[in-house]
Amino acid sequence: MDIIQMYYFINIVECSCNLSLAAKKIHISQSALSQFVKNFEEAENIQLFHRKNGRLDGLTEAGERIFRYSTEIVSKYEEMQSAIQSESAKQLGTIRLGLPSLILRFYFSNILPNFLLEHPHIDIQIIEAGGVELRQKLITEELNYALLIEPTSLDPKKYEQHVIQMDEYVAFVDKNHPLAEKELLEWKDLEGYNIGTFIKTFTTYGLIADKLEKEKINAKFMHLSSSWDYLIESMQGTETISILPGPIESILDHDKYRMVRFRDFIPFNIWFCRPFKSKSGEVESFVYEEFLKLFYQPVSE
């Protein structure tokens with residue numbers, strides 16, 4: 001069974017042995033899938049599936065074992081393909097920079113185009129994702145650098161980390177919201193309200209969920225999204241409170257919404273991170289140092 005046939009086999013199982021559904025999912029004919037199963041079982045003298053009224057009806061014991069092997073092999077194959085692409089990019093002098101879309105929008109929208117114009121020989125690939133995913137990509141060396149929200153949860157002995165921006169999480173509300181005119185919010189003020197913030201793969205969600213639990217606040221996550229502009233618009237005419245990074249306030253429509261700070265705020269600090277290496281490429285080191293010159297803010301101990 002080659003890697004393509006393993007994909008076929010896995011999709012048949014994941015589609016509950018429905019060949020029609022599996023065929024549509026992977027864009028091949030149902031007859032081709034049926035023929036694959038028939039040919040494999042005959043060639044290897046093994047039965048992968050039980051049958052009922054001429055239809056596939058679950059895996060045999062042997063089929064279950066082969067399915068486990070197939071999923072493991074396909075996962076490793078995809079991991080290898082990702083590593084090949086990453087290594088190819090490195091050899092071509094390509095820099096892979098991972099960062100959340102909000103950071104790209106508010107901190108890199110001017111800096112990055114100007115940097116690329118000044119250094120046209122450098123190819124920087126932007127990978128946008130949530131903090132949890134970016135951290136994992138940095139650990140597996142799919143990224144040269146990552147912009148991560150504090151806490152980075154990286155081993156300081158293995159990763160070089162510099163804070164480049166310091167801010168805080170704030171509350172955004174409709175202009176007619178009962179809390180709109182408060183000078184500073186206490187976390188207990190959120191009691192009973194619906195909360196909007198980023199999805200669970202973003203560091204932000206974990207920070208806010210932990211804070212609400214620590215303060216014993218009975219508030220419900222109503223709106224979760226990767227889109228900060230949606231989270232702002234979703235508040236209009238409601239009493240929903242969106243908790244988001246403070247920089248969004250700079251483009252807020254103040255005729256519709258208000259921003260209110262917390263007295264005991266959660267820091268929104270951005271860290272520029274890369275693995276410690278015995279030897280880094282010339283381009284990789286140059287880009288890192290240049291970005292630090294643009295952003296670096298010393299942190300007092």
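Predicted model: local features only at pLDDT ≥ 70, side-chain atom pairs only at ≥ 80, totals over all residues.
Two residues are said here to be in contact when heavy atoms of theirs lie within 4.5 Å.

With residues up to four places away in sequence not counted, F108 touches L97, L99, I103, P113, L147, F291 and F295. F108 also belongs to the largest nonpolar core, which has 57 residues, and together with L190 it has the most contacts inside that core. Another core lies apart from this one and has 21 residues, including F9, V37, L48 and F67.

Helix α3, which covers residues 30-44, packs against helix α2, residues 19-26, at an angle of about 110°, and the axes of the two helices are 8 Å apart. Angles of 65 to 115 degrees count as roughly perpendicular, and α2 is therefore roughly perpendicular to α3. The crossing in which α2 passes α3 is right-handed. On the side of α2 the contact is made by L19, S20, A22, A23 and I26, while α3 contributes Q30, L33 and S34. Sorted by class, this contact of α2 with α3 holds five nonpolar residues, three polar ones and no charged ones.

Helix α1, residues 3-14, also meets α3: their axes come within 11 Å and cross at roughly 105°, so that α1 and α3 are roughly perpendicular to each other. Here Q5, Y8, F9 and I12 in α1 meet L33, F36 and V37 in α3, and by class the contact of α1 with α3 has six nonpolar residues, one polar residue and no charged residues.

**Single residues and their surroundings**

| Residue | Relative accessible area | Class |
|---|---|---|
| I127 | 16% | buried |
| K137 | 18% | buried |
| E168 | 15% | buried |
| N114 | 42% | partly exposed |

I127 has its place in strand β4, residues 123-128, and K137 has its place in helix α7, residues 131-139. When neighbours within four places in sequence are left aside, I127 is in contact with R96, L97, G98, L99, L134, K137 and L143. Counted in that manner, the contacts of K137 are I127, E142 and L143, and the area of 18% given for K137 makes it buried because buried means under 20%. I127 and L143 are 16 residues apart in sequence, and their C-alpha atoms are 8.4 Å apart in space.

E168 is found in strand β6, which runs over residues 159-174, and at 15% relative accessibility it counts as buried. Not counting residues up to four places away in sequence, E168 touches L244, P245, G246, R261, F262, F265, I266, P267 and F268.

N114 lies in helix α6, residues 111-118, and with a relative accessible area of 42% it is partly exposed. Along the chain N114 is 108 residues from M6, and the C-alpha atoms of these two residues are separated by 46 Å.

Notes. Residues numbered from 1 in each chain as written. Heavy atoms only, no water. Axes fitted to C-alpha atoms, helices over the stretch in contact; angles between N-to-C directions. Helix = DSSP H or I, 4+ residues; strand = E, 2+ residues; numbered from the N terminus. Parallel < 35°, antiparallel > 145°, perpendicular 65-115°, else oblique. Left-handed = near helix turned anticlockwise from the far one by under 90°. Nonpolar A, V, L, I, M, F, W, Y, C, P; charged D, E, K, R; others polar. Core = buried A, V, L, I, M, F, W, Y, C linked by side-chain atoms within 4.5 Å. Buried < 20%, exposed > 50% of the residue type's maximum accessible area, 1.4 Å probe, protein only.
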